[in-house]
Amino acid sequence: MSLVEPSKNSGTGQHHDAADFHSEDSSYLEKRTLRKGSAGWVLLAGLGVSYVISGDYAGWNNGLAEGGFGGLLIAGVVIAGMYLAMVLGMAEMSSALPAAGGGYTFARRALGPWGGFATGTAILIEYAIAPAAIATFIGSYVESLNLFGITDGWWVYLAVYAIFIGIHLTGAGEALKAMFVITAIALVGLVIFAVSAVGLFDAGNLTDIAATDAVGASSFLPFGAFGIWAAVPFAIWFFLAVEGVPLAAEEAREPEKNVPRGIIISMLILIVTGAAVLFLATGALGAESLSTSGNPLVEALGDGTAAKVVNYIGLAGLVASFFSIMYAYSRQTFALSRAGYLPKNLSITNSRKAPTLALIVPGVIGFVLSLTGEGAMLLNMAVFGAAVSYVLMMVSHIVLRRREPEMKRPYRTPGGIVTTSFALVIAAAAVIATFLVDPVAALWTLIAFAAFMAYFGLYSRHHLVANSPDEEFAVLAKAEEDLD
């Protein structure tokens with residue numbers, strides 16, 4: 001039952017929290033409904049791994065050029081701690097507020113419409129841009145493998161966007177099952193790599209970058225203490241987008257149980273795979289050579305059969321992340337649109353309960369961005385958007401714990417706000433680090449973020465839908481507060 005009585009006249013409503021709200025009739029929400037019960041915790045854990053697994057195959061190794069093995073290792077440990085703390089906080093919030101908006105839903109309850117939209121926007125920027133970066137990597141893979149005789153990457157970009165949008169339009173259950181199979185193949189590739197790389201491992205290769213004259217420089221930290229800071233954005237690539245699991249809450253079975261379990265298990269798997277490739281790839285090839293590699297796992301194995309197998313499977317890893325992040329951007333767009341923050345037509349679902357325009361419109365934007373071929377810059381733009389959203393989500397957890405201690409929480413974060421405060425501090429540092437590593441990417445992302453916020457301030461905050469699920473969570477909180 002709706003907490004807000006629907007009105008046939010969408011022009012009437014109420015004003016609070018510096019925004020205007022109205023209620024839509026039942027047909028509005030009927031056209032914007034996702035398929036319930038499509039995923040259990042196994043598929044959700046697979047989704048979390050799928051979001052990230054391309055980061056094990058490529059991208060992280062460029063951090064060796066910024067911090068050396070020691071710098072990237074320390075940054076990786078700190079960032080892994082941040083993500084684990086953040087995931088534990090999100091597990092709690094997703095069990096209490098299971099809706100398709102994910103981080104936006106949490107921030108909307110804690111920080112109001114402005115904070116909710118800011119969080120949703122940062123997440124959407126991350127998820128819309130990351131596939132564009134991955135598309136350029138897929139194009140490079142296809143060209144290097146000489147598949148189908150393709151020598152111009154844009155055909156590949158177009159093909160992967162068209163094919164995978166098409167699969168997603170068949171419905172969440174079918175899409176998640178296809179994603180799970182691709183992810184399993186990518187994990188097999190990492191196992192093959194690990195088994196093969198053990199025999200090539202030489203500890204001396206970890207520290208073969210010559211020490212510079214930077215403060216605190218050594219063979220372990222060739223670029224000094226500052227190198228740790230500079231390596232942070234690349235360490236993030238080991239885990240970027242795992243926080244998207246709660247976006248599947250409305251399509252999960254028993255989301256209050258399965259979403260927390262899925263996101264925590266996926267995070268633990270990713271810690272193991274990230275540590276394995278960092279140590280084994282660097283130890284097999286050497287930090288200096290690996291730091292500029294476009295295909296680090298393959299180059300670390302040399303020219304043997306294992307390298308060829310990993311090379312082909314690496315394409316599956318990239319496809320898995322591309323495919324799953326496409327799911328994430330569509331659900332974030334869907335949730336923001338359904339509540340009126342973005343144009344409402346973006347949240348209309350098809351007969352298979354898939355949000356059609358929420359899949360297509362960001363996909364078109366991503367395809368256009370991929371045509372720049374600037375994979376590294378696009379990657380850093382996605383990292384900047386992610387880091388901003390992490391700050392806002394951790395603030396949301398802290399606010400909800402302090403302001404609503406009696407909220408029903410089927411899962412509770414170990415350590416409470418101490419855990420999420422740690423994640424908050426590191427996430428804030430990561431925002432600053434992205435400016436230091438690639439100020440151009442950070443600036444472009446900031447401009448896009450500002451444009452979204454201007455749209456909200458000038459238009460959409462006057463057209464919010466009070467009886468959308470995410471807004472109803474906030475209405476419930478307001479009603480409980482008034483009763484106290």
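Student: Which residues is serine 54 in contact with, leaving aside its neighbours within four places in sequence?

Tutor: They are Ile134, Trp237, Gly317, Leu318 and Ser321, where contact means heavy atoms within 4.5 Å. This is a predicted model, in which local features need pLDDT of at least 70 and side-chain atom pairs count only at pLDDT 80 or more, while totals for chains, interfaces and linings use all residues. Residues are numbered from 1 along each chain as its sequence is written, and side-chain values use heavy atoms, with hydrogens and water left out.

Student: Why is serine 54 called buried?

Tutor: Its relative accessible area is 3%. Buried means under 20%, exposed over 50%, and partly exposed in between, with a 1.4 Å probe and protein chains only. Serine 54 is therefore buried. You will find serine 54 in helix H3 (residues 54–57); helices are DSSP runs of H or I with at least four residues, strands are runs of E with at least two, and both are numbered from the N terminus.

Student: How do you know that H4 and H9 are roughly antiparallel?

Tutor: Helix H4 (residues 64–96) and helix H9 (residues 255–285) pack at about 175°, with axes 9 Å apart. The axes are lines fitted to C-alpha atoms, for helices over the stretch in contact, and angles between N-to-C directions run from 0 to 180 degrees. Under 35 degrees counts as roughly parallel, over 145 as roughly antiparallel, 65 to 115 as roughly perpendicular and the rest as oblique. So H4 and H9 are roughly antiparallel to each other.

Student: What makes S1 and S2 a pair?

Tutor: Two strands pair if DSSP finds at least two bridges between them. Strand S1 (residues 13–16) and strand S2 (residues 19–22) have four bridges, in the antiparallel sense. Glycine 13 has histidine 22 in S2 as its bridge partner, and histidine 15 stands opposite aspartate 20. Two residues lie between the strands of this hairpin, where aspartate 17 takes a positive phi near 55°.

Student: What makes S1 an edge strand?

Tutor: The open sheet has three strands in the order S1-S2-S3, with mixed pairing. S1 and strand S3 (464–465) each pair on one side only, and these are the edge strands.

Student: Which residues does tyrosine 83 touch, not counting those up to four places away in sequence?

Tutor: Tyrosine 83 touches Ile236, Phe239, Leu240, Val242, Glu243, Met267 and Tyr390.
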